[in-house]
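User: I would like to go through this model by question and answer, with the cut-offs stated.

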Amino acid sequence: MKIFRFRGGIHPEGNKDPTACHPIARLPLPQRLYIPLQQHIGEPAAPEVEVGDHVLKGQRLARHQGSVSAPVHAPTSGRVIAIGDHMAPHPSGLPVQTITLEPDGEERWIETEPAVDPFALTRAEVSARVRDAGIVGLGGAAFPAAVKLDAGNRHPIDTLILNGGECEPYLTCDDRLMREGAGYVVEGVRLIANGLGAKRTVIAIEDNKPEALEAMRAAAAAHPGIHVLRVPSRYPMGSEKQLVTTVTGREIPAGKLSAEIGVSVHNVGTALAVCRAVRFGKPLVSRVVTVGGGAIRNPRNVVVPIGTPAGDLIDFCGGFTEPPTRVLMGGPMMGQVLPGLEAPVVKGTSGIIALTAAEAHAASERACLHCGRCVDVCPVGLVPLELAARVRAGRIDDAAELGMGDCLSCGCCAYVCPAHLPLAHLFNYAKGEIAARREAQRKAEETRKLAEARRLRLAAEAAAKAARRPARPAETVETES
Amino acid sequence: MIHSPYVRKAVSVQRTMGLVLLALIPGIVAHALLIGPGVLVNLAISTITAVGAEALMLHLRKRPVAIAVGDLSAVVTAWLVTLCFPPIVPWWLTVCGALVAIVAVKHLYGGLGQNPFNPAMIAYCSMIVAFPALMSQWPPAGQLSFDTQLALILGGARDIDGITGATALDALRTGLRSGTQTVDAVLQGSAFGALGGRGWEWISVGYVAGGLFLLAKRIITWHMPLAFIGVLAGISTLFWLLDPGRFASPLFHLASGGAMLAAFFIVTDPVSGATTPRGKLLFAGGIALIAWLIRNFGAYPEGIAFGVLLMNMCVPLLDMKTQPPVFGHHKDAKGGGK
């Protein structure tokens with residue numbers, strides 16, 4: 001299969017070996033699980049259990065509400081001991097609605113209904129099972145998977161891409177998953193292809209994961225519609241836009257969904273979850289998390305119930321060898337700082353990475369040299385140094401004109417900057433600012449429209465009145481209205 | 001760091017500058033061996049002046065002195081100033097050049113990263129305009145002893161017309177201007193070696209070696225050296241083929257004057273140059289074109305410095321007009337392929 005090249009990109013230190021070489025371990029049940037009601041993009045789930053309820057593993061704790069949302073299920077059997085605020089796994093550390101579960105240690109499953117023949121299910125049935133299982137994109141974005149499947153009804157999908165890129169340094173959860181669960185992943189991707197009506201399926205894996213490639217090739221060998229594609233290791237290969245270009249040569253137009261050009265992209269972890277949901281009727285209650293970084297004593301991948309506090313996971317991996325400068329959720333290129341070790345693992349948590357000072361190469365900021373390395377590596381084709389100068393001068397509109405809104409926040413520019421400018425930070429600020437302005441503009445427009453409608457309505461009423469009483473002089477009509 | 005990415009490449013301004021200095025060493029060594037060690041004396045003078053001026057300016061501008069001096073950028077400027085000056089200029093001329101570069105061109109415009117013009121080229125141009133005679137005394141290979149060079153630098157007698165020959169570019173120019181000689185006839189003279197100016201051609205080879213090192217270390221990209229050399233070679237080849245009697249060969253142009261120093265160390269100055277890939281090509285190509293025009297038709301034997309300054313002025317426009325296509329905004333971004 002032909003591979004297309006995307007612009008820019010970087011080759012960061014992978015640092016994957018310390019975790020990639022160990023089989024996935026299983027975390028013993030934690031003392032408490034903290035299950036946030038919003039672990040996905042969209043509306044938070046609405047709780048349907050009460051404090052004191054005993055719940056079974058896989059029982060629904062909160063139902064989805066709104067068109068883009070996902071339900072939340074009990075990761076183990078136990079008692080609901082609180083429904084209220086707990087620290088969110090977000091840099092702000094702000095409290096979010098969270099169900100606290102005290103496991104009873106029995107791991108008793110709720111009765112599940114396995115599909116007799118999952119491939120006989122209609123598209124709508126597949127989508128419904130995926131939605132009911134609370135599956136979201138497990139690559140990190142946590143977009144409800146069923147919504148993506150339903151997009152296949154509106155746009156014909158010709159290519160389904162399974163994203164095995166895992167281009168973020170340190171993360172190896174997808175790598176291990178493909179090595180150890182290739183059969184389930186392939187079955188999951190076939191179910192997704194079925195649900196989307198996709199003609200061909202491409203499983204794209206970066207060439208730094210030869211074992212995963214081998215395992216997936218073997219598992220997919222019996223299915224002629226599935227191509228396992230070796231793609232170059234180049235960050236941000238795992239970004240949807242860049243992966244679509246690499247595999248199909250197509251460019252997702254700005255502001256459009258991949259579905260609109262006939263492509264759908266799912267993560268390998270999502271495929272495994274789909275397989276479990278559709279074939280075995282089991283909801284998403286656990287995931288594989290990479291616990292890594294130089295400050296972790298025994299870095300490895302661990303299967304973790306959703307809601308496990310990050311601290312429990314780190315303790316399981318031997319704790320810290322030295323105080324980390326940063327503990328991150330997700331990879332170091334796009335991940336976020338964990339506000340505290342009591343923040344829980346959620347569906348979108350691909351890794352807990354504790355970095356030492358030496359790994360981070362932290363250095364103070366210097367003047368921009370205009371060396372243009374940021375321009376060379378930007379996968380979008382932006383000129384980050386020019387954008388940064390404008391954002392710093394408060395000229396957000398100028399930055400928007402140069403394409404600020406198309407920035408992926410991939411961080412390639414900041415990674416290579418010899419002056420250590422906080423480029424990605426500036427750009428996220430600017431993007432937030434642009435979004436806020438757009439929202440303000442939309443509101444102003446809305447207000448203007450409403451005011452205009454009111455004016456017209458009053459005028460029409462006045463005209464109607466005037467028409468009913470043609471004898472009255474015009475001045476009176478005006479004062480009445 | 002309060003925002004991702006939380007890992008960074010182990011690069012810094014200091015490392016970049018350090019590698020540039022390292023890359024200059026082969027050319028400097030060739031220079032010291034073939035022409036004489038005078039260049040080393042002037043390098044020392046310019047380095048001390050530039051670092052001193054940098055520290056003073058930072059102090060006056062109330063900026064942290066130690067970090068900025070430690071980034072080695074002033075040393076790079078000092079070395080480039082010296083390397084484009086004749087190696088036997090008197091010490092005060094070197095001091096003037098370094099001061100112009102650091103004080104006027106760099107710090108009066110806001111310090112590192114802010115100067116629109118190439119500091120070494122402003123130093124060269126201002127000095128050649130102010131002291132045309134001193135700035136044209138290029139010693140021929142291996143004819144001046146170290147004592148003589150030292151005496152010249154430190155302010156001895158300057159009656160050296162007998163010992164400093166014209167440079168290759170100078171000799172060619174004078175020969176052709178006399179109207180009686182062809183390129184071939186002029187090139188028989190003693191100033192010329194196998195490629196360009198005798199001795200100087202091997203210094204050029206040293207610069208090329210350093211430049212290739214910078215390319216390998218990814219301190220510079222291929223765009224500027226290639227465009228500069230390509231355009232200079234292309235246009236000189238064209239005219240050489242049309243009239244070899246009046247125009248020198250591309251090899252001569254590339255190996256003479258400061259062409260190789262410029263290709264890898266001067267036009268590649270990041271601060272005052274273009275930053276986009278296409279902008280870099282146009283920038284360096286433009287310099288080569290202007291340099292060739294001045295060499296052939298202008299009032300000065302060497303035109304690279306003026307070419308650099310003229311193109312420096314075009315940088316904002318070049319960068320604005322050559323932004324790479326933004327992903328998702330291609331004309332055919334309907335999914336029809338790249």
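Analyst: A:Glu102, leaving aside neighbours within four places in sequence, is in contact (heavy atoms within 4.5 Å) with A:Gln31, A:Arg32, A:Ser77, A:Gly78, A:Arg79 and A:Ile81. This is a predicted model, where local features need pLDDT of at least 70 and side-chain atom pairs count only at pLDDT 80 or more, while totals for chains, interfaces and linings use all residues. Residues are numbered from 1 along each chain as its sequence is written, chains are lettered from A and ligands numbered from 1 in the order in which they are written, and side-chain values use heavy atoms, with hydrogens and water left out.

User: With which side chain does the side chain of A:Glu102 make a polar contact?

Analyst: A:Glu102 belongs to strand E8 (residues 95–103) of chain A; helices (H or I, at least four residues) and strands (E, at least two) are DSSP runs, numbered from the N terminus. A polar contact is a pair of N or O atoms within 3.5 Å; within protein, one must be able to donate a hydrogen and the other to accept it, and residues adjacent in sequence count only if both atoms are side-chain atoms. At 3.3 Å, the partner of A:Glu102 is the side chain of A:Arg32.

User: Is A:Glu102 buried, partly exposed or exposed?

Analyst: Buried means under 20% relative accessible area, exposed over 50%, and partly exposed in between (1.4 Å probe, protein chains only). The relative accessible area of A:Glu102 is 27%, so the class is partly exposed.

User: Is B:Thr77 buried or exposed?

Analyst: B:Thr77 sits in helix H4 (residues 73–84) of chain B. Not counting residues up to four places away in sequence, B:Thr77 touches B:Ala101, B:Ile102 and B:Pro119. Its relative accessibility is 12%, so B:Thr77 counts as buried.

User: How much area do chain A and chain B bury between them?

Analyst: The contact takes 59 residues from chain A and 43 residues from chain B. Buried area is the accessible area (1.4 Å probe) that two parts lose on being put together, summed over both. Carbon and sulfur atoms carry 58% of it, and the total for chain A and chain B is about 4,400 Å².

User: Which three residues supply more than any other three of the area that chain A buries against chain B?

Analyst: Together they supply 17% of the area that chain A buries against chain B. The residues are A:Glu251, A:Arg366 and A:Leu369.

User: Which side chain meets A:Arg366 in a salt bridge?

Analyst: A salt bridge is a side-chain nitrogen of Lys or Arg within 4 Å of a carboxyl oxygen of Asp or Glu. The count between chain A and chain B is two salt bridges. For A:Arg366, the N to O distance is 3.2 Å and the partner is B:Asp71.

User: Which residues touch the most other members of the largest nonpolar core?

Analyst: A nonpolar core is a set of buried Ala, Val, Leu, Ile, Met, Phe, Trp, Tyr and Cys residues joined through side-chain atoms within 4.5 Å. The largest has 141 residues, and the two that touch the most other members are B:Phe228 and B:Phe265.

User: Where is A:His420, and what is its phi?

Analyst: A:His420 is in the loop between H13 and H14 of chain A. At 8% relative accessibility, A:His420 counts as buried. Although A:His420 is not a glycine, its phi is positive, at about 55°.
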